[in-house]
Amino acid sequence: MIMARALVKCYSGADKPAVDHVDLRVKQGEFLSIAGRSGSGKTTLLHILSSLIRPDSGEALFLGRDICTASEKVRNSLRGKDFAVVFQQHHLLPYLSALENVLLPFMTGLAPVGEKQENAARALLRRVGLEHKERSRPGELSGGEQQRVAIARALARGARVLFADEPTGSLDSATGASVIQLLRELNADGLTVLMVTHNEEFARRSGRVLRMADGRITRQE
Ligand code: ADP
Ligand code: MG
């Protein structure tokens with residue numbers, strides 16, 4: 001589904017690349033994790049693969065199409081539709097309910113959201129185990145519940161790949177484990193998941209683990 005070759009990204013002013021000749025393949029339906037210490041280049045790699053930033057060189061194909069050289073329009077539509085991204089911080093809007101947060105991706109124009117979208121958002125909340133919390137605001141939810149809402153929102157447009165950057169990074173280990181379990185369930189339902197984490201135990205709960213150090217993939221397990 002995703003194939004990357006010789007990806008290099010060096011931030012201006014840095015003396016060595018953050019991502020240094022990375023090759024990688026993600027199969028459709030896979031749950032791949034990339035583990036490594038802080039500063040090893042995981043986030044940069046994830047941002048390249050999810051078309052948030054462009055590499056200096058190399059290529060990354062999504063379903064055969066090079067996303068690195070694609071127009072901004074194509075990259076925007078990938079981010080808006082095929083790719084879902086969740087971060088360590090949930091970035092929910094505090095004054096909106098859980099349901100409204102999940103509806104946010106549909107609230108772009110001036111048109112009111114329809115019943116169909118509301119039902120879809122409810123179904124997503126159910127899928128992440130939060131159907132009973134749809135009226136709660138983020139401040140009334142636990143950290144794990146907030147992350148679940150963020151995952152539901154990320155999937156609202158029917159993404160086929162979920163990129164998760166340290167999704168358990170700000171959670172205690174039991175809550176983190178339950179978020180990993182949710183990712184496993186979504187993956188079992190067919191979602192392709194690419195997670196980066198510095199948590200070894202959580203990495204091992206995915207299907208395959210790549211290790212990253214100094215911008216390079218050093219090992220696969
Ligand atoms: P990780 O996610 O594994 O912690 P990052 O990809 O965030 O790694 O960072 C890799 C390297 O790139 C680090 O040395 C970091 O300081 C540097 N870096 C990350 N983002 C930026 C940026 N926006 N500008 C400059 N340097 C950056
Ligand atoms: Mg990071």
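How far is an oxygen atom of ligand 1 from an N or O atom in the side chain of K42? The distance is 2.8 Å, and the views below start from there.

Welcome to this predicted model, in which local features need pLDDT of at least 70, side-chain atom pairs count only at pLDDT 80 or more, and totals for chains, interfaces and linings use all residues. Residues are numbered from 1 along each chain as its sequence is written, chains are lettered from A and ligands numbered from 1 in the order in which they are written, and side-chain values use heavy atoms, with hydrogens and water left out.

**View 1. Ligand 1 and the residues around it.** The shell consists of Y11, A18, R37, S38, G39, S40, G41, K42, T43 and T44, each having a heavy atom within 4 Å of the ligand. By class, two of these residues are nonpolar, six polar and two charged; here Ala, Val, Leu, Ile, Met, Phe, Trp, Tyr, Cys and Pro count as nonpolar, Asp, Glu, Lys and Arg as charged, and the others, Gly among them, as polar.

**View 2. Polar contacts of ligand 1.** A polar contact is a pair of N or O atoms within 3.5 Å. The side chain of T43 has an N or O atom 2.8 Å from an oxygen atom of ligand 1, and a polar side-chain atom of T44 lies 2.5 Å from a ligand oxygen. Taken alone, ligand 1 exposes 560 Å², and the protein buries 53% of that (accessible areas from the Shrake-Rupley method with a 1.4 Å probe).

**View 3. Helix α1.** Helices (H or I, at least four residues) and strands (E, at least two) are DSSP runs, numbered from the N terminus. Seven of the eight residues of α1 are buried, so this helix is largely enclosed by the rest of the structure. The buried ones are K42, T44, L45, L46, H47, I48 and L49; buried means under 20% relative accessible area, exposed over 50%, and partly exposed in between, with a 1.4 Å probe and protein chains only. Just after α1, S51 takes a positive phi of about 60°.

**View 4. The largest pocket.** About 430 Å³ of space lies here. On a 1 Å grid over the protein atoms alone, a pocket is an open set of points where a 1.4 Å probe fits, with protein on both sides within 12 Å along at least five of seven lines; lining residues have an atom within 4 Å of a point. Grid points are joined across faces, edges and corners, and a volume is the space filled by probe spheres set on the points. Of the 21 lining residues, R79, A84, V85, R153 and A154 lie nearest the centre. Helix α2 (72-82), strand β6 (83-86) and helix α5 (143-154) each supply at least two lining residues. The lining divides into 11 nonpolar, six polar and four charged residues.

**View 5. The second largest pocket.** This pocket holds about 170 Å³ of space. Among its 14 lining residues, G39, K42, T43, D165 and E166 are the closest to the centre. Helix α1 (residues 42-49) gives the most to this lining, with four residues. By class, the lining has one nonpolar, nine polar and four charged residues.

View 6. H21, in strand β2 (residues 19-26), has a phi near 55°. This residue is partly exposed, with a relative accessible area of 48%. D214 sits in the loop between β9 (208-213) and β10 (216-220), and its phi is near 50°. At 55% relative accessibility, D214 counts as exposed.

Key: Polar contact = N/O pair within 3.5 Å; in protein donor to acceptor, adjacent residues only side chain to side chain.
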